[in-house]
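Please open the model in a viewer and keep the selection panel at hand.

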Amino acid sequence: MSQLIVRGGSRLGGEAGIQGAKNSVLPILAATLLTADQVELQGCPRLRDVDASIRILEGLGCTARWEGEDVLVVDTRGLGGCVVSEALMREMRSSAIFLGAILARCGRAELSYPGGCELGPRPIDLHLSGLRDLGAEIDDAGGVLHCRARRLQGREIVLSLPSVGATENLMLAACGAAGTTTIANAAREPEIVDLQDFLTACGARVSGAGTSTVSVEGGRPLHGCTYHVMPDRIVAATYLCAAASAGGEVFLRRAREEHLSTVTAVLREAGCSIFSDKKGIACASKGRLSAVRPVRTAPYPGFPTDAQAILMAALLRCRGAVVFEENMFENRYRHVDELARMGASIRVSGRAAVVTGVERLHGASVRCTDLRGGAALCVAALAAEGETEVSETGHIDRGYENIARDLRALGADILRTED
Ligand code: EPZ
């Protein structure tokens, strides 16, 4: 197992490019199934979750090959199956996103129930009820989803909560449905807009992404395309928080502030100077941050749950105390105990966590508990005196192409070692 060794306590300084967005490229890879053609994805990040998605596509009879550093060419002309194995579903629970596209393309699909994950139960009831609204017959007994859709029929679907995955799954299924589908109370994340833009490039008629109502005019034959994936806003938030916490001046190429304005607003309140233009985001910090008003996670455009652990790590030495409220997932404070090993003072009670700023943090041996919790340990280690050993870094590799490379480009003393 590899480890990250971080020597903290020094200010950052430098420039890094932001990788393509994990949470955009995963639904886009599922969407390639809608076109019996070739698709070229530029700016595609090399991640464990992308590898898992490629294995799912190959298991269905498609091919995918890397061309150059960040271009992935997917060819779905050879699609011959409609089954996603249990092993692959367990490897990446967001594989449920493939259900709508497989149904739209093949008329049937078989996936095992995606388990929960480190964040707690990850239900897909909204995905299934929406697909049934479109005419799919789904037998979900025994842990395997047996789905049939002789003919998907567009109609209005109302989501009881703005689920990102359900919105994406239903957009893809609706492309294969006759007539028009509207998804009310849709999620509004930028990744949904990226999916709409990809589908449009393939010839689909999709509108409204980014608002609460998405419309799809289904039944149109789709073709391949060349598409550039949007930059990863959570990776950008991670590196902004790293600079905020350790102090220094960084520039993040391709980062788009309009995608993470709730995060930059909190960092400005904490005392950072942040400037952005179409080239990227610059952040300067003296390192000792001020306390900020309560941070409550919410669906976009609220504060992103994926940035909660990362911002918490940046505020561990703030002047004062900060209240966090995690409203999206049941089990998203698993990083707290690991941060405490570095000297952090955090009290958790239910959905709330109170961070009391400490004068200093010290290096320690810590263990990643999940993707963003692992990234948070790296952020905290940069502000800690001495050396921190971060283990179980496989979690981080699910969403960060090369966190050590990027943080080194920003001036951090961080190395990856292989056991
Ligand atoms: C996406 O997960 C992201 N993953 C998550 O990022 C992100 O945290 C989340 O959206 C919220 O922004 C990908 O895009 C691959 P949801 P998703 O459906 O689609 C409940 C990361 O770190 N819910 O919007 O699973 C659910 O339990 C990951 O990159 C139902 O009850 O999120 C949760 O409480 C972590 N029934 C809430 O909705 C359903 O059918 C939001 O979930 C679906 C969801």
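Which residue stands opposite Ala 353 in β21? Phe 324 does. This is a predicted model, in which local features need pLDDT of at least 70, side-chain atom pairs count only at pLDDT 80 or more, and totals for chains, interfaces and linings use all residues. Residues are numbered from 1 along each chain as its sequence is written, and side-chain values use heavy atoms, with hydrogens and water left out.

Select residues 352–356, which make up strand β21. Helices (H or I, at least four residues) and strands (E, at least two) are DSSP runs, numbered from the N terminus. Ala 353 and Val 355 form the covered face of β21, whereas Ala 352, Val 354 and Thr 356 form the uncovered one.

Two strands count as paired if DSSP finds at least two bridges between them. The strands β20 and β21 form a hairpin with two residues between them, and Gly 350 in the turn has a positive phi of about 65°.

Display β10, β11, β13 and β12, which form an open sheet in the order β10-β11-β13-β12 with mixed pairing. At the edges lie β10 (156–158) and β12 (205–207), each of which pairs on one side only. From one strand to the next, the twist averages 15°. Within this sheet, β11 (residues 180–184) and β13 (residues 213–217) are antiparallel over five bridges, and Thr 180 stands opposite Glu 217 in β13.

**Third selection: backbone exceptions**

Most residues other than glycine have a negative phi, and most peptide bonds are trans. Centre on Asn 185, in the loop between β11 and α7 (190–201); its phi is near 60°, a positive value in a residue other than glycine. Asn 185 counts as partly exposed because its relative accessibility is 29%; buried means under 20% relative accessible area, exposed over 50%, and partly exposed in between (1.4 Å probe, protein chains only).

Move to Arg 254, in the loop between β15 (248–253) and α9 (261–269). Arg 254 has a positive phi of about 75° although it is not a glycine, and at 43% relative accessibility it counts as partly exposed. Then select Tyr 300 and Pro 301: the peptide bond between them is cis, with omega near 10°. Pro 301 lies in the loop between β18 (295–296) and α10 (308–314).

Show α8 (residues 233–246) and α12 (residues 371–382), whose axes come within 8 Å and cross at roughly 25°. The two helices are therefore roughly parallel, a term for angles under 35 degrees. Residues of α8 that meet α12 include Ile 234, Thr 238 and Cys 241; on the α12 side, Arg 372, Ala 375, Val 379 and Leu 382 take part. Contact means heavy atoms within 4.5 Å.

Finish at His 395 in helix α13 (residues 394–397). His 395 counts as buried because its relative accessibility is 18%. Not counting residues up to four places away in sequence, His 395 touches Arg 48, Glu 118, Cys 368, Thr 369, Asp 370 and Leu 371.

Definitions and conventions: Axes fitted to C-alpha atoms, helices over the stretch in contact; angles between N-to-C directions. Parallel < 35°, antiparallel > 145°, perpendicular 65-115°, else oblique.
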